[in-house]
Amino acid sequence: MKFFIVLSVLATVVLASPSEGTAAGLQAAQDGTPPSGCHWEGTAPFCAGSCAQGYTEIDRGACGDGACCATGIKTLCCTKAATAAAKKKIANAKKI
């Protein structure tokens, strides 16, 4: 029984990881590494990202900085000092 639980969890993690050339892989590339002073909140495969007090929500993405969400969304959270630079980086990335 334990074997099947471990196997199903492992399969979920492997299947949730974006691969290059797929829609999930494209989303992960668009979300990408967060700017300095920022981090992605939400853990795949069942994401429920939200920013803690003292952080501002800058963006949302299905993949954030890694494995994509099967449900929910990841949130990019930044400190007050990093917010302006992060918004500029996100705006430039979405133009492409």
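Me: Is T83 buried or exposed?
Reply: T83 counts as buried, because its relative accessibility is 11%. Buried means under 20% relative accessible area, exposed over 50%, and partly exposed in between, with a 1.4 Å probe and protein chains only.

Me: What kind of model is this?
Reply: A predicted one: local features need pLDDT of at least 70, side-chain atom pairs count only at pLDDT 80 or more, and totals for chains, interfaces and linings use all residues. Residues are numbered from 1 along each chain as its sequence is written, and side-chain values use heavy atoms, with hydrogens and water left out.

Me: Which element holds T83?
Reply: Helix α3, residues 83-95. Helices are DSSP runs of H or I with at least four residues, strands are runs of E with at least two, and numbering starts at the N terminus.

Me: And what does T83 touch?
Reply: T56, I58 and C78, leaving out residues up to four places away in sequence. Contact means heavy atoms within 4.5 Å.

Me: Zoom out. In what order do the elements of the chain run?
Reply: α-α-β-β-β-α from the N terminus on. That comes to three helices and three strands.

Me: How are the strands arranged in the sheet?
Reply: The sheet is open, with the order β1-β3-β2 and antiparallel pairing. Its edge strands are β1 (38-41) and β2 (55-61), each pairing on one side only. Twist averages 30 degrees from one strand to the next. For such angles, axes are lines fitted to C-alpha atoms, for helices over the stretch in contact, and angles run from 0 to 180 degrees between N-to-C directions.

Me: How many bridges link β2 and β3?
Reply: Six, in the antiparallel sense, with β3 spanning residues 74-79. Two strands pair if DSSP finds at least two bridges between them. R60 stands opposite T75 in β3.

Me: What does R60 form a salt bridge with?
Reply: E57, with the closest N and O atoms 2.7 Å apart. A salt bridge needs a side-chain nitrogen of Lys or Arg within 4 Å of a carboxyl oxygen of Asp or Glu. The structure holds one salt bridge.

Me: Why does E57 count as partly exposed?
Reply: Because its relative accessible area is 39%.

Me: Last topic, the whole chain. What share of the residues is buried?
Reply: Buried residues make up 28% of the 96. Among contacts with a separation of 6 or more, 63% join residues 24 or more positions apart.
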